[in-house]
Structure formats: structure tokens, C-alpha cells
Amino acid sequence: MKSFRFPHPLVLLTLFIMLAAALSYVLPAGQFDRRPNAATGREVVVPGSYQRLPATPVGPLGVALAVPKGLLEAGAVVFLIFLAGGAFTVVDQTGALRYGVDWLLRHAQGREVLLIPLVCLLFATMGALENMGEEIIALVPVLLVLMRRLGYPVLTAVAASLGAAVVGAAFSPINPFQVGIAQKLAQLPLLSAAGYRLAFLALALLIWIMGTVRYATRYRTAPNTTAHDEPAATAGAGRHGLVLLLLLIAFSLFAYGVVSLGWDFDQMSALFFVLGVGAGLLGGLGFTGTAEGFVTGFRDIAFSAILIGFARAIFVVLEQGHIVDTIVQGLATPLAHLPVALAALGMMGVQTALHLPVPSVSGQAVLTMPLLVPLSDLIGLPRQVTVLAYQYGAGMTDLLTPTNGALMAMLAACGVRYDQWLRFAGPLYILLLALGAASVLLGIWLNIA
């Protein structure tokens, strides 16, 4: 009997859009009142203000319109992926990437397996610092060249980059888009319990890195050195060195801009466009060759970029049906009747379940923390534990949920099927979830604040 295979990513996301529309016919419409929050600069829900609304089911026309609306709402991310993908295709066509990877492998002779932990730690750090996600899609050409030269399966490129970044973000003590917003909403000092989080971050990364290395070495094949991987441009080492130097400068500006200057996707897109133009000219492609490189990159990355909009369309449908708040109310209300430890674990479960319809971690914090913090006070649960339950529940779900546009786009860009990813990441996710649960229970026992 032929083994079951998951549908094509576009089919899968379209089915989720249709499911969201079907739920708008089944679940009652409702919403919470919202008010501005000075600490976060966002509107947050008012506890106890949930009220029913007239039903607003989303029909076939609404489903169809949700796709362009999702693309429009995710426009900044979509264009970032297009411009970054074009830029890295230009860099690749100069031959600089392969030159740099070959240089790296020559100097790592016999120690190639150490490159995977190094890549994991690099992306985990960016995840912990700034919740790096969609930006990683642009780095697919670099990651694929590296993994093919090492002979590792392409899934390793996803695991060592996006996977490690998700783990770093979920266990981070400083991620401003997760723990930062949640601590502000819980009226806790920023960076409070940072040492506690760091200890569990180290354990989580150890689990993920060991799983990634094990998979990479188990399925390693002869390194890919076919003619297809030879440099497309024949510029000398001097040109390659200049392009790589420009790449290093761009990465440095990217990290500084995101972490220190608060760059948004528009600034990142502009940086990648300048990188592509500069790399093409320095690499000897000329204006026409550089333009053709961008066009090739746009074509190759188009599918991955479009998936971001389809994933966003799911939330568009849920919002139009006014059932997001209904789902939150239905999941959170039963927690008040549980013992403290079970309520804390229940919060993790609620945050996990909510991250399917609410794929934004910052949006989920704004939606749930104002409801769960008063509940925590009522049952005697430390607020810091409530934040931990949110971090682990919402953050780690990005490893698996198909409504995570960055994950689906990354898998598509690397040619990895969703069911392949589930078989790899599923067992590690369970281990990480158990680690998060242990952290929550220990936090209750220690009464961390």
C-alpha cells in the first residue's frame, strides 16, 4: 500500500482557509473590548469584556478574497523575500558563494560536522535576539550550497537555520517580540528571570543540535561536486573576495539595523537590493547580468513568497468571521477551575492550540496575556510562569504549524516536503515541549518572579 503523503503546500493552506471559513458558520461570533496599552504601544483586550456579535460567516467570495488580502497584509514580508532572493541569486551567480564555501570546507577538513552546531548557534542567537524568521528564507542559496558541499540532506538546511531560530526565540530571555511584550503586559521587569531562561535555552539548543547532527550524519551522502555546482561566473579570487566582503558588510549592517535600530522589513529589503546590485557589479556580471540574476531569483523564490500570503489569509478569514476572540474565550475559561500546576500546563496547551489560528507570536501575546495574567493572580500562579507558558506554548509551535508562513516557505524553497519535516521535527518538538513543561512546573515550585 502506498504510504500517505501530505498535500501540496498550496493545497494544504487552501484547505486551512476553507476550514477557517467553515468555522465561521459553526462558532458564534464575538469579541473583547480593547484599550491602548502604554507599555507596548498596542491595543490589548479587556478581561471580562467578551460579548457575542451577530454572525458574520465567510462565504465563497470571502474565501477567494482572503488570498489577495492575505498577500496584501503580508506584502512587506513578501517583497523582502523577493528582493533578498534576487540578491542572493546574483551573489550566487558571481561564483562567490561556492568559492567561500569551498574555502571554508578546506579549512574545516575532518571537522565538517562541527559546522552544523555553529550554524545552529548562529541562527539560534538571531532568533533569541530578534525573533528571526522570514528573513532566513533569503539565505536558502547559501545554506543549500553549504549542505550540498558537505553531503548533508537539504532538510538539514531548514533544521540548522529556521528550526534553530525558532528554538532560540521560544526559550529566549530577551526576544522583544515574545518575552519582551509578554513581560510588559504582565507588568514584570524586562529581563527578569533571565538566568532561569538561559539555563533552559541551553538545554533546548542541546536537544535540537543533537537531533540535527544525528539526522545529518545518518543521511549523509557523497558531497555534491558536479558541474552543476561550478561557479556560473569565472571571475578570479579577487572578485570573489570583494563580493564576500560586501556580503559580510551587509550581514553586519543587517544585524545592527535589526537589533539596534529597530529596522522593519522595508529597510531589510532595501539593504538586500543594494547588496544584489553591488555584488553583481563587483562580481563582473555587469548591469544586464545583474538584472538577469534578479529576475532568476524572483522566479525561483516566487512560490515561497506566495505561501506567506496564503498563510496570512487563514487569519484574515478568522478575523472576518469574528471568531478569533471566541476561540480564545473558549480555551481560556476552563483554566480557572484547575489546580495551579494543571492550570499552568493548561496555559501551555491553550497557547499551543491558539498558535494555529493566530500565527503571530506578538499578536498572540497581546491577545492572551491580559486575560491570563488576572487569572494567574486569582489562582496563585506566578506571573513569570504565565509568561513561560506563553513562550513555550506559542513559540515552539512555529516548528510544526502549517499556518507559519515562514516554515512553509522555507520548506518549499529547500524542496522539503511537509511530511518529511514532521517526521524529523515531531519527536524533537515533543522533547522540547516536555522540557518547557518541566520549566513551568519548576518555576511554580521555585516561585520565580
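Mentor: Buried means under 20% relative accessible area, exposed over 50%, and partly exposed in between (1.4 Å probe, protein chains only). The model is predicted: local features need pLDDT of at least 70, side-chain atom pairs count only at pLDDT 80 or more, and totals for chains, interfaces and linings use all residues. Residues are numbered from 1 along each chain as its sequence is written, and side-chain values use heavy atoms, with hydrogens and water left out.

Cys120 has 1% relative accessibility and therefore counts as buried. Cys414, at 7%, is buried too. With a disulfide taken as a pair of cysteine sulfur atoms within 2.5 Å, the count is zero. Cys120 takes part in none, since the nearest cysteine sulfur, that of Cys414, lies 14 Å away. Seen from Cys414, the closest cysteine sulfur is that of Cys120, and 14 Å is too far for a bond.

Of its 19 residues, 15 are buried, so helix 15 is largely enclosed by the rest of the structure. Helix 15 covers residues 361-379 and reaches 25 Å from its first C-alpha to its last, close to the expected 27 Å (1.5 Å times one less than its number of residues). At Thr368, shortly before Pro370, helix 15 has a kink of about 40° (the angle between axes fitted to the seven residues ending there and the seven starting there). After helix 15 comes Gly380, with a positive phi near 85°.

Methods
Helix = DSSP H or I, 4+ residues; strand = E, 2+ residues; numbered from the N terminus.
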